[in-house]
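Biologist: I would like to go through the terms used for this model and hear what each one rests on. Please set every value against its cut-off.

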Amino acid sequence: MARPESIISFDKVSFEYDGLGKAILKEACFSVRRGTKIAIMGQNGAGKSTIFALITRSLKPDLGKVNTADNVTIALARQVISRDELELTIREFFEKCFTTKVYNIDPKIDEVLEVVNLKADHDKIIKTFSGGQQARLLLASALIQNPDILLLDEPTNNLDKEGIVYLKRFLVDYKKTLIIISHDADFLNTFINGVLYLDVYSHIVEQYTGNYFNVVKDISARIKRENRKNAMLAKEIQRNKEKANFFSHKGGKMRNIAMKMRDKVEKMEESQVDVRKEDEAIRPFKIQTRSNLPGKIIDISSFSIMRNNKIETRKANISLRKDEHLLLSGPNGIGKSTLLESIANGSAKGVTIAPDVTVGYYRQDFSTLDFNETVYESLIAVTDDNTKDPMRAVAARFLIDANMIRKKIGNLSEGQKGLVAFARLVLEKPGLLILDEPTNHINFRHIPIIAKALNEYRGAMILVSHVPDFVAQIRIDETLDLGK
């Protein structure tokens, strides 16, 4: 039986962003066969979304060539809806997916909305949808184009449990070519049959076949083999160096032997393998609180939710003191993010925050960050004594290096924006911590470290997360289910 044809391939593709002087890809070579389901993995900021941009031709390689099969159509479901699209209606949003006008588009919209399990009036404004509903719209915007290659960039972000189950079922049955970026290992393992791993250190793309967990085993076994080989070579090199040094002090033929041994050492050093490095994890951190926190930090006597497109007010009797954590749960669209935002900005009716309590707010869309500021400007603005040293020490814990700290926040990957947001929380020392889906876009290696920091947080905390494994690592004292 003939193997499926290659539908897309990278032929020695190199790329770096203008003016940044940092390579993203170096002679990347890989091919994707028609009908396969491939995951792209790598550290935050390694360039995964850049590969998508090269595939869709929105970026051009500096060297090499991106090849696609004849007449192939490609559609990308992005990570987030851009700010200039938030004022569009559903119909206008889907019309933008096409370069030419599509007549009678409403039935097509209904069809793809049904696929992503979302019901919506076509005249409804995009910004009125929750983060999870917007994630479904992004997927639907790619599906309506019926592409030969479907590109998904972090599709589980903001999705509730029902949404993830629905998406997983859809992708298992999907018959066309799929390339997906995700940090959710369990999710990926149910349907992928290959991995493209972008090494953030070497900027080389490694290609593996098999499901995610099998690939991880292959990588681990390879690293052990390479380390073992290098260790044996290192011992042999050291022995030969010692002998060469000994013979070099002798006269006559012994010096010739020493020269030959040094040549041998050079060849052995050249044969040592550059061992593939694991993604670097952020360093452990603590979110401290300012001193003299009051007895009660926040009181919630009532709150509003959205049900059947109507606002409903519910009574509550919740008070959070120092070292008390509240989990806010409920399905997409119920109003969790809206409630968190209103609490954070002080406009929530029925909610009282004690005077002089600093509120640290992690928004899922990072809109609390100024995208026109550099990372340095953003961090120094919330540093207590406005000096560089403590700020740079915190930044280093979140893998914010000298190159990244000079970048504008708008030019960072979504995962890097998340790390900047966490660094700001550490510097702010909030008494009330409000977190809306803090694992979105975050490398899975960072998540246990973030969970530990939140578990040990001594102020009052309100958390929204649809990731059960993450929530299970955090002490939760009370749960408020908006869906009940």
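Predicted model: local features only at pLDDT ≥ 70, side-chain atom pairs only at ≥ 80, totals over all residues.

Biologist: Which residues of α7 are buried?

Modeller: Among them are Val215, Ile219, Ile223, Glu226, Asn230, Leu233 and Ile237. An α-helix has 3.6 residues a turn, so residues three or four places apart point the same way.

Biologist: Why is Thr177 called buried?

Modeller: Buried means under 20% relative accessible area, exposed means over 50%, and partly exposed lies in between, with a 1.4 Å probe and protein chains only. Thr177 has 1% relative accessibility, so it counts as buried. This residue lies in strand β7, residues 177-181.

Biologist: What does the side chain of Thr177 reach, and at what distance?

Modeller: It reaches the backbone nitrogen of Gly35 at 2.8 Å. A polar contact is a pair of N or O atoms within 3.5 Å; within protein, one must be able to donate a hydrogen and the other to accept it, and residues adjacent in sequence count only if both atoms are side-chain atoms. The 2.8 Å between Thr177 and Gly35 is within that limit.

Biologist: Which residues does Thr177 touch?

Modeller: Contact means heavy atoms within 4.5 Å. Leaving out residues up to four places away in sequence, Thr177 touches Ile7, Val32, Arg33, Arg34, Gly35, Thr36, Asp148, Ile149 and Leu150.

Biologist: What makes Arg34 and Glu5 a salt bridge?

Modeller: A salt bridge is a side-chain nitrogen of Lys or Arg within 4 Å of a carboxyl oxygen of Asp or Glu. The N to O distance between Arg34 and Glu5 is 2.7 Å, so the pair meets the rule. Arg34 lies in the loop between β2 (23-33) and β3 (37-41) and Glu5 in the segment before β1 (6-16), so the pair ties together parts that are 29 residues apart in sequence. At a relative accessible area of 32%, Arg34 is partly exposed, and Glu5, at 42%, is partly exposed as well.

Biologist: How many salt bridges are there by this rule?

Modeller: The count comes to 17. One of them joins Arg307 to Glu312, with the closest N and O atoms 3.9 Å apart, which is within the 4 Å limit. Arg307 is partly exposed at 27%, and Glu312 is partly exposed at 27% too. Arg314 also forms a salt bridge with Glu312, at 3.0 Å. Elsewhere, salt bridges that share partners join Asp323, Arg458, Arg475 and Asp477 into one network.

Biologist: Where is Asp323, and what is its phi?

Modeller: Asp323 sits in the loop between β11 (310-321) and β12 (325-329). Its phi is positive, about 70°, although it is not a glycine. With a relative accessible area of 24%, Asp323 is partly exposed.

Biologist: Why does Ala451 count as buried?

Modeller: Its relative accessible area is 1%, so the residue is buried. Ala451 is in helix α13, residues 447-455, and touches Phe470, Gln473 and Ile474, not counting residues up to four places away in sequence.

Biologist: How much of the protein counts as buried?

Modeller: Of its 484 residues, 48% do. The protein has 14 helices and 17 strands.

Biologist: Where is confidence lowest and where highest?

Modeller: pLDDT is the predictor's confidence in each residue, from 0 to 100. The protein averages 87, and 95% of the residues score at least 70. Confidence is lowest in helix α8 (residues 253-270), at a mean of 74, and highest in strand β15 (residues 432-436), at 97.

Methods:
Residues numbered from 1 in each chain as written. Heavy atoms only, no water. Helix = DSSP H or I, 4+ residues; strand = E, 2+ residues; numbered from the N terminus.
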